[in-house]
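Below is a set of questions and answers about one protein model. Look at the structure first, then read on.

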Amino acid sequence: MRTTQRKTLPLGLLFAGSMLLASRAAAQDVTIPVETQHNAIVLQTDAEKHLNMVYLGAKLANTAEYARIQKMYKQADDSGVQNDVYTPSGSASLGEPAITVTHADGNKSLNLAYVSHTVSKVDDDISLLVVTLKDPAYDFEVKLYYKTYFKEDVTEQWSVIKHNEKGIVTLNKYASANLNLKGNTTGGFWLKQYHGNWAMEVQPEEARLTHGIKTIDSKLGTRANLYEHSMFAISLDKPATEDEGKVFYGAMEWSGNFRVDFELDVANNLKIIAGINNAASEYHLKPNTEFTTPAFLYTYSDHGKGDASRKLQSWARKYKIVDGEGSRLTLLNNWESTYFDFNESKLAGLLKDTKKLGVDLFLLDDGWFGNSHPRNGDNAGLGDWQENKQKLPNGISSLVKEAQANGVKFGIWIEPEMVNPASDLYKAHPDWVIKQPNRPEKYFRNQLVLDLANPKVQDFVFGVVDGLFTKNPDLAYIKWDCNAVIYNAYSAYLKKDQSHIYVDYVNGLYNVLKRVRAKYPKVPLMLCSGGGGRVDYGALQYFTEYWPSDNTDPLERVFIQWEYSFFYPAITSSNHVTDWGKQPIKYRVDVAMMGKMGFDIVIGKLSENDLSFCQSALKNYDALKDVIWHGDQYRLASPWDNDAASIMYVNTDKSKAVMFNYLVNNRYGSGSKVPVRLKGLDPNKKYRVKEINLYPGTGSVLGNEDLTFTGDFLMNVGINPEASTYHTSVVLQLEAI
């Protein structure tokens with residue numbers, strides 16, 4: 001299709017054909033709306049054929065009016081600020097660049113002009129826009145990809161960089177996305193970001209952005225989200241609430257070093273540049289070779305944070321995580337009951353406890369491997385993935401058979417990216433280890449990281465997984481851990497290209513995971529990284545679930561799970577009942593039910609009532625797990641602002657719901673004082689409300705009445721769950737009648 005003056009070419013379900021092509025024509029503006037069900041991004045060329053991002057927000061009813069946006073802002077803004085769709089450095093753009101290069105001749109300037117764009121329909125929900133930009137002076141090209149999910153209002157964006165210069169071009173910075181938000185109000189922009197550490201993941205902070213550049217980033221190499229997370233929310237005008245306000249959610253799909261820049265310019269516009277962290281990571285690009293950045297994921301809502309999070313959760317279940325619309329296994333883990341001290345006899349008892357408890361699977365954690373360097377602590381054995389003959393003389397296969405004899409499945413823990421210096425692998429292949437040749441080794445948890453930039457190391461790591469399944473075809477679950485960061489970064493394999501290590505490591509990891517998933521597409525894999533150090537959609541596309549934190553204190557987990565829920569669906573959150581914390585078993589179980597439940601306790605030490613409660617709660621969970629895993633989530637009362645936290649899940653046809661309530665402040669007189677208004681119900685339906693997960697010998701906070709309310713009443717008046725020092729957690733089930 002030939003572009004005419006101010007021709008509007010929308011992206012999304014507006015396209016009837018499978019592909020449209022807009023070619024460049026002199027002195028013509030090209031307008032490209034990138035539309036989803038409720039939102040739009042608008043790209044438009046200017047007189048110099050630079051492509052600008054001129055709008056991000058609610059979709060306009062009249063698509064022809066998108067072409068008028070840039071003129072409106074030019075009339076209001078005489079500052080000369082540019083809104084490049086992908087800001088280059090060294091030419092006419094003066095803001096923070098999305099891309100900086102050193103050409104083969106040493107020149108560091110770059111100018112990117114619009115050439116063309118194509119749009120293809122992947123299916124009824126997904127469209128792909130590809131925009132081609134080129135430097136008029138150099139044979140250098142950038143293609144911008146926008147993959148839109150129409151019904152979910154989600155966009156994935158990435159860039160592909162290529163050149164045909166006479167020599168190597170150095171990529172000094174290479175972002176995935178460059179977005180521009182217009183500062184058309186006095187309220188400004190409010191950034192909600194996350195920091196943390198081991199056992200203190202996803203601690204939120206929210207503040208108004210001031211002029212200049214705010215950067216969140218990671219330089220850890222692995223466990224990249226340990227201190228800072230690449231996920232964030234930007235509220236426009238004022239901090240968005242759960243149900244009100246304009247909010248933009250973004251996150252990198254990348255499991256390594258990331259960088260997100262927020263630049264508030266002199267005209268009060270906000271530029272967001274997100275991608276791989278370019279620190280110590282200049283990339284040398286040969287002629288006619290493509291460099292593809294990871295995707296940056298985002299959505300927008302003008303109905304608050306709850307609506308935005310439900311969009312992301314729905315998208316993730318449908319498109320990103322493995323078997324997101326399927327089922328999950330409940331499990332019993334041995335870690336906190338045995339740590340490294342176990343043998344076949346102990347494990348046989350735990351396998352019987354697995355059946356007795358009523359869960360689906362037994363998970364054998366760390367400590368099962370190593371002979372020359374037995375894994376009796378965290379200082380030896382990593383890399384030597386053969387069964388420890390003293391602990392397991394009959395091998396893993398006998399445990400798999402024993403599990404089957406008890407009517408349960410068997411899973412196992414691995415940490416295949418890592419190595420202890422005390423291991424046969426380290427002695428045989430010191431060149432496989434990331435470490436500086438002329439500096440003392442520096443350890444994180446007594447271990448070093450294997451060099452996944454090396455294809456031979458990739459083969460080894462894949463072989464660890466493949467070998468377990470080859471020897472044990474009935475193995476049903478893998479917990480994949482990653483406990484160390486990268487110190488003294490150096491790859492013997494990369495030789496002179498040492499600045500590639502942080503990028504090539506992650507791509508090497510993804511190559512391994514792709515091979516695992518190609519051969520074992522449905523096997524459940526838990527993503528763990530010393531807790532939540534690697535929770536991102538770059539990794540999660542290969543896993544069924546993640547481990548939010550090693551902190552399993554249920555009170556702490558209320559806060560941790562609350563914050564993760566803004567970006568990840570409940571089906572992905574592995575929540576285990578442990579002995580951490582001072583709360584009763586009921587509270588611990590109720591908290592774990594808000595996701596994929598598991599247990600990490602000694603069943604034999606439970607009292608008769610505690611065991612009976614756990615068994616009964618598992619039956620309740622089995623009846624409600626589909627609502628929790630696949631339903632819409634509504635956060636009702638925040639643990640940060642109230643004595644009691646409330647959260648609920650509602651199934652698609654609004655016929656069933658479950659409401660979780662937890663006391664988070666047990667000072668005298670604290671608790672639920674007023675009714676909590678529910679959300680997501682059908683106002684015209686009647687719902688029977690019943691308390692479940694009652695501890696033996698206790699009564700319901702609702703009394704003995706068979707309570708029935710309309711959805712209208714529950715959403716406008718509410719119900720008081722009476723979470724208090726007497727009832728520290730209350731779970732209510734709602735069924736339409």
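Q: In this predicted model, which residues is Ile234 in contact with, leaving aside its neighbours within four places in sequence?
A: Contact means heavy atoms within 4.5 Å. Once the neighbours within four places in sequence are left aside, the list for Ile234 holds Leu181, Phe189, Trp190, Leu191, Leu209, Lys246, Val247, Phe248, Phe262, Leu270 and Ile272.

Q: What other core lies apart from the largest one, and which residues are among its members?
A: A nonpolar core is a set of buried Ala, Val, Leu, Ile, Met, Phe, Trp, Tyr and Cys residues joined through side-chain atoms within 4.5 Å. Buried means under 20% relative accessible area, exposed over 50%, and partly exposed in between, with a 1.4 Å probe and protein chains only. The largest core has 187 residues, and Ile234 is one of those with the most contacts inside it. Apart from it lies another core of 20 residues, among them Ala657, Val701, Leu702 and Leu707.

Q: How are the residues numbered, and which pLDDT do local features need?
A: Residues are numbered from 1 along each chain as its sequence is written, and side-chain values use heavy atoms, with hydrogens and water left out. Since this is a predicted model, totals for chains, interfaces and linings use all residues, side-chain atom pairs count only at pLDDT 80 or more, and local features need pLDDT of at least 70.

Q: Why does the radius of gyration of the protein chain agree with that of a compact globule?
A: The radius is taken over C-alpha atoms, and the globule rule is 2.2 Å times the number of residues to the power 0.38. With 737 residues, the rule gives a value near 27 Å, so the chain agrees with it at 27 Å.

Q: What percentage of the residues in the protein chain is buried?
A: The C-alpha atoms fill a box of roughly 80 × 70 × 45 Å along the principal axes. Of the 737 residues in the chain, the buried ones make up 61%.

Q: How many helices and strands does the protein chain have?
A: Helices (H or I, at least four residues) and strands (E, at least two) are DSSP runs, numbered from the N terminus. The count for the protein chain is 13 helices and 37 strands.

Q: Why is helix H11 largely enclosed by the rest of the structure?
A: Helix H11 covers residues 585-592. Ile585, Lys586, Tyr587, Arg588, Val589, Asp590, Val591 and Ala592 are buried.

Q: Is Lys619 buried or exposed?
A: Lys619 is found in helix H12, residues 608-630. Val359 is 260 residues away from Lys619 in sequence, while their C-alpha atoms are 9.7 Å apart in space. The relative accessibility of Lys619 is 65%, so Lys619 counts as exposed.

Q: Where is Asn278, and is Asn278 buried or exposed?
A: Asn278 is placed in the loop between strand S18 (270-276) and strand S19 (283-285). Leaving aside neighbours within four places in sequence, Asn278 is in contact with Asn172, Lys173, Tyr174 and Arg259. With a relative accessible area of 14%, Asn278 is buried.

Q: What is the phi of Asn693?
A: Asn693 is in the loop between strand S35 (686-692) and strand S36 (707-710), and counts as buried at 2% relative accessibility. Most residues other than glycine have a negative phi. Asn693 has a positive phi, near 60°.
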